[in-house]
Amino acid sequence: MHHAPTISVVITTYNRPDALAAVVEACFMQDDKNFEIIIADDGSTANTRDTIVALAARSPVPLKHVWQPDEGFRAAMARNRGTLAATGNYIIFLDGDCVPQRDFIRRHRALARPGFLVSGSRILLSQALTERVLREHIDVADLGFAERLRYRLRGDMNKVLQTMLRWPDVGRVRRKFSWRRIKSCNLAVWRSDLEKVNGFDESFVGWGHEDSDLVVRLFHAGVLRKDGAMATEVLHLWHREAKRDEESSNRKVVLQRAEDKTTQAVRGLREHCSA
């Protein structure tokens with residue numbers, strides 16, 4: 001018999017407290033509040049800490065803040081630390097600039113099945129709309145269809161139907177595995193599966209493909225991929241692209257690991273436990 005998962009939402013952030021607040025506020029408004037929030041902070045300054053303290057004071061769900069020193073892009077480590085701080089047996093990774101819709105938790109819970117991860121997708125917002133949302137504190141997750149369509153026609157959202165329609169849980173399993181187009185900004189994985197492959201690999205240097213690497217290793221460990229499209233979309237607030245100096249070298253590592261059928265992270269969850 002399949003039992004409903006206990007859910008922990010691990011939200012990564014770095015020095016963007018206004019966006020983080022919008023994301024966490026949307027988590028507060030979920031129609032399923034049986035979850036906890038872990039904010040995995042990759043070295044933000046006091047502004048972010050103060051924002052989190054204010055949010056925690058009125059949070060309707062348990063909320064923790066896990067911080068590490070700013071020593072460059074270390075999202076893999078932040079997510080591992082967030083996982084270790086979590087109490088749930090099902091981890092939903094969410095970025096601190098990706099606003100979940102009201103049924104985000106409920107839809108992820110419905111899609112959760114042992115032996116599968118769920119790769120969600122995102123709707124991109126323009127710079128202009130993002131700035132307005134953050135400046136005016138617009139509840140972008142609660143916009144009606146007419147407003148979303150208007151933003152779509154103006155080029156402020158790159159998709160709209162995906163935010164309104166909901167597929168049933170059929171035809172979601174990808175029989176032909178692909179690690180492409182998977183983003184850890186919206187990714188759900190059983191904690192036991194993360195432990196099986198030693199979590200995210202902190203040996204990756206700089207931005208890029210540490211999430212693809214995780215999914216490749218999970219696949220080699222027997223975890224299949226379910227598509228969360230038209231169920232778990234998040235609204236991605238615009239930001240300037242991160243430096244991608246290491247992107248090509250990181251991609252080569254993933255391709256080699258795919259060929260070698262690697263399952264274990266070089267430096268991951270277990271290394272924190274033994275430190």
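**Exercise 1.** Find which side chain makes a polar contact with the side chain of Arg270, and say where Arg270 lies.

*Solution.* Start with the pair: the side chains of Arg270 and Gln264 make a polar contact at 2.5 Å. That term takes N or O atoms within 3.5 Å, where within protein one must be able to donate a hydrogen and the other to accept it, and residues adjacent in sequence count only if both atoms are side-chain atoms. Mind the setting: this is a predicted model, with local features needing pLDDT of at least 70, side-chain atom pairs pLDDT 80 or more, and totals for chains, interfaces and linings using all residues. Numbering runs from 1 along each chain as its sequence is written, and side-chain values use heavy atoms, without hydrogens and water.

Then list its contacts (heavy atoms within 4.5 Å): neighbours within four places aside, Arg270 touches Glu195, Asn198 and Gln264.

**Exercise 2.** Work out the strand order of the open sheet, and which strands stand at its edges.

*Solution.* First, the order is β5-β10-β7, with mixed pairing (two strands pair if DSSP finds at least two bridges between them). β5 (98–100) and β7 (122–124) each have a single partner strand, so one side of each lacks a neighbour in the sheet. Now zoom in on one pair: β5 and β10 (residues 234–236) run antiparallel, joined by 3 bridges. Within that pair, Pro100 stands opposite Val234.

Definitions and conventions
Helices (H or I, at least four residues) and strands (E, at least two) are DSSP runs, numbered from the N terminus.
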